[in-house]
Amino acid sequence: MASKKAGGTTNPNLKIAAGAMVCEDCELIGDITIGSRTVIHPKARIVAESGPVVIGEYNIIEELVTITNSSSTESGNGKVLIIGNNNVFEVGANVQAVRVGDHNVIESKAHVGPKVEIGTGCIVGAGCQITMAEQLADYTVIYGGKCERRIQRERPPAQTLQIDFLTKILPNYHYLKKPNTQPASRTAVKK
Amino acid sequence: MATYADLELVKYLCCCKKKFSVCRLYLCKYCLQLRCTDCTQHEVDTPYCPHCLENMPSGEAKLKKNRCSNCFDCPVCGHTLVTRSTSHTSPSPDDPTKTIAKKMYYMACGFCRWTTRDVGLPDQSVASGSWPILQNPHEQRISSLLENYKIMAQIEKAEHERKKYVSRRSHLYRQDKYGGSAAGLRRKGMSTFSSMSSTESKVPGELEPSVTVDSFEPLPNEYFTEPAALVKTTKLAHRHSVPEFQPTEISKLHPIHKHLLMRKSLRCKECEHNVSKADFNPSSIKFKIQLTAQHHVPEIRILTPSTFTMNKETIVTLTLSNPSVFGMTVSLHPIEDESDTDYCSAKVELPKKELLLAGRDEPSMQMYDDSSQADEFKDDPKVIVFRKGNKIGFVVKVTPVVNEGDVKIQFMMKHEFRNTTAAALQSESKEPEIVWLEHKVYMNLGPIAKKDPNVSQA
């Protein structure tokens, strides 16, 4: 079904590390690197037209999530969008951030604008929109209809169990893209 | 659904001359009158916790300051906190080389992700009931004030009784002033006279008077020099939710005990019969008695909006639905002796014939055959536009008499009502007595179309 799209095995710039779960039915455009143990659900969309997107390890990218590298208006000129490790992008989230650190949760239908830099342990609540150019401090929680903010003490827990579960269950119902690089590529993820 | 029913376009006149949409009204079976929330007596059945649904006698609830002891709200966003468990490993007391896993509990908010760990509250070893309660620093002062006011209330009451001894019964409410238990005072009854002499001497002098504050320290310089740390400061709502502490920093917020809610029953003020009484069990959504007008009075709605022009007859389609399981006859009449002339802004021509409505037949509502029904009732297609189950669509002709503003009409609706009260059943031979009820209906059909100068009047 997704083979019509630009993604699939036809994308020569797609690098999937061994151990990653990338469903066939998602749209991956441009130079994308996906770290091991990262799970990408069907119908997710990653657009790396203006610059490469590098996704780290142990991330969960759920259905209808859009991650766009919007660092430049011209294609191929932008900077690399680096997404760290242990992040969760919930259903329908739209992320155009400059950088995403580690242990963040972007909840359902949240919108992260193109000039936002997300640090570590942040939570962008369901439906919250951040559009201003800013650097989110570590452990910031944005919640509620008025996008209220709070600093929490601990980062959200890693979703290791959920990743284990998805790794077991997803292959039963979906075709997966084959990993084409060895886990050694993780060095590329780390700064 | 609530917004669908609660449009406020079609209103019925309550017996107190106020207008309400039908879902806000009750029908007293005994007075056969519409009653609104102001015409009913509201009574507290029982306080209960909306989260754990535990019933609490009102005395106990008062003692616990109307809060649940087991359930908590998030102090940051107000959502209910949920208990989470984690396993915590610690060295075994018997053998230091081994570790034992122990379940520890903490509370977290599912909405803003606040946890009890955020404010440094240690995890608890039991799931509920062991969370520390903060001591109010002013508790002594408050209790001494309360005590004093109770005595004051007692004295006042006793004096009042002495003056108006004859008409004592009408002043029962006065007894509960300042929270002095009314029931307790009543039980004492006449003994208040004798106890008065001893309490009277106790009041003055014992209470430490409040100290007037007339100068404040100026704000520290940091308030002007440091950037405002908005993410760490509490908002006004946070402070108001804990009036006894009013913390200024987010890190000092503690979980808030959940407020109890009230199950209430409504009683007709005229005949004192219940019009609404909920089931005793808070987890049940059923009612023992529910006489909301929506279940007994046919409901009129506007089918589609129409365009109105002044002095031009417009056909408006209204729907009428029968909430009862029996067939119903409805007739519409103009209101002749109208004192409320301000309301009406249009002339209305109502159907002259009686409108017959089929009963509400819940199981077969999905698969009604319209065509057979129309034959059954011999409908006049000029009046009845459609018929479906217990609902009909009928037309009225509306002629606005104003040139701007909303088109408003009023009429009287007469409908059959099967009186199934015990009194009515006894008088007749087991057959429910059929009575005719009259309600005044007020409708707002929408605004008059603005005259567009570019369009020639056709």
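The model is predicted, so local features need pLDDT of at least 70 and side-chain atom pairs count only at pLDDT 80 or more, while totals for chains, interfaces and linings use all residues. Residues are numbered from 1 along each chain as its sequence is written, chains are lettered from A and ligands numbered from 1 in the order in which they are written, and side-chain values use heavy atoms, with hydrogens and water left out.

To start with chain A, its secondary structure comes to two helices and 19 strands; helices (H or I, at least four residues) and strands (E, at least two) are DSSP runs, numbered from the N terminus. Of the 191 residues in chain A, 49% are buried, where buried means under 20% relative accessible area, exposed over 50% and partly exposed in between (1.4 Å probe, protein chains only). The accessible surface of this chain comes to about 9100 Å², and 52% of that belongs to carbon and sulfur atoms. Accessible areas come from the Shrake-Rupley method with a 1.4 Å probe; for residues, only the protein chains shown count as cover.

Next comes the place where the two chains meet. Chain A puts 14 residues into the contact and chain B puts in 12 residues, a contact being heavy atoms within 4.5 Å. Between them the chains bury about 1200 Å², with 52% of it on carbon and sulfur atoms; buried area is the accessible area (1.4 Å probe) that two parts lose on being put together, summed over both. A trio made up of A:Tyr143, A:Arg150 and A:Arg153 supplies 45% of the area that chain A buries against chain B, more than any other three residues.

Four salt bridges are counted between chain A and chain B, a salt bridge being a side-chain nitrogen of Lys or Arg within 4 Å of a carboxyl oxygen of Asp or Glu. A:Glu148 pairs with B:Lys235 in a salt bridge, their closest N and O atoms 3.7 Å apart. On the chain A side, β18 (140-143) and β19 (148-151) each supply at least two of the residues that touch chain B, and β19(A) gives the most, with four residues. By class, that side of chain A has five nonpolar, two polar and seven charged residues. Ala, Val, Leu, Ile, Met, Phe, Trp, Tyr, Cys and Pro count as nonpolar, Asp, Glu, Lys and Arg as charged, and the others, Gly among them, as polar. A:Glu154, B:Arg117 and B:Asp123 are linked in a network of salt bridges.

Over all chains, the search finds 21 salt bridges. In one of them, A:Lys43 meets A:Asp25 at 3.8 Å, N to O. A:Lys43 sits in the loop between β4 (39-40) and β5 (45-55) and A:Asp25 in the loop between β2 (21-22) and β3 (27-34), so the pair ties together parts of chain A that are 18 residues apart in sequence. A:Lys43 is partly exposed, at 43% relative accessibility, and A:Asp25 is partly exposed at 22%.

In chain B, the side chains of B:Lys277 and B:Asp45 form a salt bridge (3.6 Å, N to O). With B:Lys277 in strand β11 (residues 274-278) and B:Asp45 in strand β5 (residues 40-48), the pair ties together parts 232 residues apart in sequence. Another salt bridge joins B:Glu161 to B:Lys157 (3.1 Å, N to O). These two are four residues apart in helix α3 (residues 139-163) of chain B, so about one helical turn separates them. B:Glu161 counts as buried at 5% relative accessibility, and B:Lys157 counts as buried at 5%.
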